[in-house]
Amino acid sequence: MSKRPPPDPVAVLRGHRHSVMDVSFHPSKSLLFTGSADGELRIWDTLQHRAVSSAWAHSRAHGVLAVAASPWLGENKIISQGRDGTVKCWDIEDGGLSRDPLLILNTSAYHFCNFSLVKKPKTSLIKDAGGQSEDSNEPDAGDTRDVQSTDESESSVDDSGLLQGRDHAEGTTYVAVAGEQPTEVEVWDLNTGDKIIQLPQASPDNSPNDATKGRGMCMAVQLFCPPESQGFLQVLAGYEDGSTLLWDIRNAKIPLTSVKFHSEPVLSLSVASSCDGGISAGADDKIVMYNLNHSTGSCTMRKEITLERPGVSGTSIRPDGKIAATAGWDHRVRVYNYRKGNALAILKYHRATCNAVSYSPDCELMASASDDATVALWKLYPPQKSL
Amino acid sequence: MTEMIGWRLSTEGLRFQRLLGFCCLASFIKIHFFCLYVASDWLSCFPISVKKHLYDVFFLDGPVIEVVQVLVPFLHRVENGGFDTNSVQTNVERLLILCLLENAGLIKITKEIGDSYQGDISRNGSLKSLLSRLSQILTSIPDKARLKSPPLLSSHLYFKHITDQLLQILDDRASCTEANSTVIVLSFVGEIFSRICRRGLSDLLLSRVTPHVLAHVRRLLNSKMGSIEMETFQLDPTPQIWSKTMKAVTDPYAVEKMAEQVLHQLYAEHASDVEAFWTIWTLFHRNVIHQASVRSIFVDKFLLWKVFPIRCLRWILQFSVLECPPLTNTLAKGDVVQGLLETTQRLASVWSKGEFLQSVPFEQQAYITAALGLCLENMSREELDRTKDVMHSILQGVSCRLENPGDLVRKMASSIAFMFSKVIDPKNPLYLDDSFTGNAIDWEFGLQTAVGGVPSVTNTMESEDGETKTSASLTEVNGSSRRDKEKKNRKSKNISDFVLADPDEIVDLATLNCETESDKDDDNASVSSDNSSVTSLEPYDLLDDDKDLGKQFTHLVDVVGALRKTDDVDGVEKAIFVAEKLVRASPDELTHIAGDLARTLIQVRCSDITIEGEEDSAEEKRQRALIALLVTRPFESLETLNSSLYSPNVDVSQRIMILDVMAEAARELANSKTLKPKDDSRGPLISSISDPQPWYLPSNASTPWKKVSETGSFHLNWANRFERELQSKPGQTKKGKSRRWSLKPADRDQNSTDWSQNRFPLYAAAFMLPAMKEFDKKRHGVDLLGRDFIVLGKLVHMLGVCMQCASMHPEASVLAISLLDMLQRREVCNHPEAYVRRAVLFAASSVLVALNPSYIVSTLVEGNLDLSRALEWIRTWALQIADSDIDRDCYTMALSCLQLHAEMALQTSRALESTGGSSGSSTGSVNISLPSVISKLTSINIKLPSSNVHL
């Protein structure tokens, strides 16, 4: 087997004056959003490799923690999360950021957990639009009723809209984030700006919930909507002690399952577009690929990869589900074959800790963000263009 | 006419002789009076040939005992009577040579003794006293002889002849055993031996005796090939004769001298262990058995006080301690081990004492160490357990030696520890030192080459604290860089392999694309299935090294932070490796962080963070970083260093490191070059006679002289070697080589710039004063004057380096007084450890070099005598060291110190002359005060080789 030297980045985007904390591609346009630790949010053109605009999305002292764009959010909207306890939703007008955010969610959360938008398979998007999957699973419908009832008892606001995945097609979208109590995960409605639910649900006597007791802060969260759950949201949350909990939003008291793949805090959780598995990594020297079985509600380890140097702060799976990448503390971006789990490349460019990696929706580009204030664009294993 | 008289006289003489022949022995004495007193008057006018016939025969035929007794007193008797004393003495000398030397007088004497010996006890007493008197007379002949006496009577030749005769007597006695007078003869011979030794000629005596005995021993050994029994020697007559003779030598002093000489002679004869043992045994075994004093000579004096070659030491141990004949080449142990145990105990108790280490010359230490080691070699575990406190003493001695700065001392400790561990557990020897492996120990410790010749200075201070370490670590660095290069080569080979195999990446991508194309349908069909399409994702080279990870520190704050996190070993190591570069860059933040950085660098323990064998590179990096810090921000970092120097939170090694670093930084500051505006105000501070060059450089040079920097032991560094660049010849032109970006500003070029070579004087006080302030205070964990003498030595050395670096600057003169105050402390300058004394000598020499003569002159003119007193102290003290110090390095350094003092004195007197001349012409008041100062000066301060100071 011939060995090729690992490729260099096709482009390096410079301009940030501080660590770049997160990176996200526009769902359809050739735009890239990056947020840095000094609060700057930049928009780049990925064809010309130039900055399109720059704005102070969050205060200089707090900085941007995460940025995200999503097809379900809309073509001209992005959201950003700051360390100032807010999540802001922005309008992109003629390539620039709106002067004021469209919406500010005051989560009052000052932690290290990146928020997560809903991820769902493209097929399910189509299906949702068609409205086909409602009647397929009758037993689940019973569960749904139960949860509905509990939700009604807790907070009777708009819960049917929340829980029915079909409504997402109409522009409703949600964001999950670790809450004011860092052990809790909160789900917010981005249209109304309200908190929908918190996991675990606070018990009446205010005693700490058994499910999250002793697990520490929530460090990573991933919101997704598997096709099997009729559009009901599920949440994967990684905790400080290295455990990962899978929640179904219909049952906010007890998680569906809990596994512990890591010995150190879980820092990044990704779910593949097909929602049947994902990849998780943390402060220890392991990367875990797991399967999600929605019929049994279980999460099983598929492959464990041991690293030479511990610490991964970001993971991403390419939308076509072929390869996955990790952003390591050791300045490396590592690329893996997502199916088989073998290592494909170790990319050395950054000169400081890497914070995030992200794939473009067309699978062509990968972007990595680092503490050295640069964003690198990579082209590895480009997919065959569909004819 | 004379012939006729001669003939007549000779016939008379014949008659006279015939007459004498009838005389009996009793009348002999009366007749010789006549011969000497009466006849000398007229004999002197006869020619020599006549004299011979006249009465030589008379003396020759007479009993030698009487002849000697009669003649010897006339050797130096000065008569004021009418006799011609000169001719009497000449005659006596001639007769003595004739009787004693040329005609084997001693053999005759023994025969006469044998004849007169009756086996009668009552008469033996008088005979003994007679023989004792006789031996006294015989051995005193060379002393009584005049200066003009014939060479045969000079002590050397005379005793050589006497000794040869004595040896023959002993041989005769050995061959005929039945003579019952043997005992008295042997005691006579012994008496003469002891008197010869008393007269300081034991070397001559034994140079004849030893080969004689050794030859006999060799004969015996050859005849009894292989099997040598004690009986062989006990039954053989010659050894018996010899031992009886030696038993007659009752004077312990003589025995000691003889034994010493035997050892040296045997060494010179290259005797084997067996031969040497039997020779010594033959000569001394009876003395050792019967005389306690002789025994103590061997067991005490020869082991503890004298220094012999190591082979002699083995013989001594074999003979007096092990008390049994040796095997071919190793020491053998007899059945009786009591002596061995006692000796070992005594040696160990002496060896273990710290005072012994401090007060005894090096050769002797090595000797006793060897003795102890050889004793231990012959002991078993059980025997060691039987001794009282050998184990304790040895452990104590080893531990106090291991702390010593001298290499050889540590080597002694490790050798003894090795032997000791072999006694305890033969299978598991303890190697304290990496350098020696295997079983053989060089007990001579390489001293043999040094004895007598030029001392090979192996443990001078410089070699300990500077050059060797850096050179060692530099080779280390070279080694590691070579390794890196190899690694790189290997890697580049790998890369070239890839290039050869697959030079074009696009090709690969194309194939990848093709395959993914073929897989695509499959992918779409069954997303979740783990199909074979993924094989198309061909991995890149996964080679990963962490070379780039080390470069992550870009701010000194990060470095300090990483150094504080002692649990993160990699971080600390990286921080140390990057620290020097960052400090040298001298960022603005350095001013604020210098103190913190210095403290953390001191506290880091390099041995903890590196793997074994690579401590040196980290340690060196740490020290380099500290030096850089001291050079770039002296005041800020010195504050921290000085406070931690005496703080209880650091250990001895850290204190030593601090002092090393300060010395190195001082050197670097002194040698640094900075472009700085010319400072005109500095001129008047230095008096008119002082050139920009030091006074000891040749002054008639058009280009400045530079001192040739030399490495090596530091007192050799004082040698004045200078070099300069010669100006080019008038016709010669040099073409410019440099390229400049722009023209230099004209004004800077012309008048205001100056390469200042020495930045150190500005900081000299900050370097020296705080360190000197509290050195003598005993605090928790700090005891410079006592336990931590190495720190004291390093401190004094560092101060000396500082003085050198500030030399010829006004600051040096001010600091010199306080430094000399410190050195004059009795606890410092007369410290029991030679290491400290060497450092003090170095510092004193540095002061002598550093002082500007004009300053000394000005203090003298002002009437301030502190400095001159201190300088005079240096001279007397150095003289005292040169006279009496046991350490050879101290001695040589004291000599070079004295030389420097003389040079300084000369220069000062010259400066004084010129100052006196100028001041005399300008102001009268100074002129008046000068003579008194000069008289003080010449009496107190400067001993001039030729005083030419007249005012």
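**Questions on a predicted two-chain model**

Mentor: In this predicted model, L402(B), L430(B) and L432(B) make a nonpolar surface patch of about 220 Å². Local features need pLDDT of at least 70, side-chain atom pairs count only at pLDDT 80 or more, and totals for chains, interfaces and linings use all residues. Residues are numbered from 1 along each chain as its sequence is written, chains are lettered from A and ligands numbered from 1 in the order written, and side-chain values use heavy atoms, without hydrogens and water.

Trainee: Why is L402(B) called partly exposed?

Mentor: Its relative accessible area is 35%. Buried means under 20%, exposed over 50%, and partly exposed lies in between (1.4 Å probe, protein chains only). The value of 35% falls between those limits, so L402(B) is partly exposed.

Trainee: Where is L402(B) found?

Mentor: In helix α21 of chain B, residues 390-402. Helices (H or I, at least four residues) and strands (E, at least two) are DSSP runs, numbered from the N terminus.

Trainee: Which residues are buried in helix α39 of chain B, residues 853-862?

Mentor: P853(B), S854(B), I856(B), V857(B), T859(B) and L860(B) are. Just after α39(B), G863(B) has a positive phi of about 85 degrees.

Trainee: How many helices and strands has chain A?

Mentor: Chain A has 3 helices and 29 strands. Of its 387 residues, 60% count as buried.

Technical notes
Patch = residues over 30% accessible without salt bridge, like charges linked within 9 Å, V, L, I, M, F, W, Y side chains within 5 Å. Areas by Shrake-Rupley, 256 points an atom, 1.4 Å probe, with all protein chains shown as cover. Salt bridge = Lys/Arg side-chain N within 4 Å of Asp/Glu carboxyl O.
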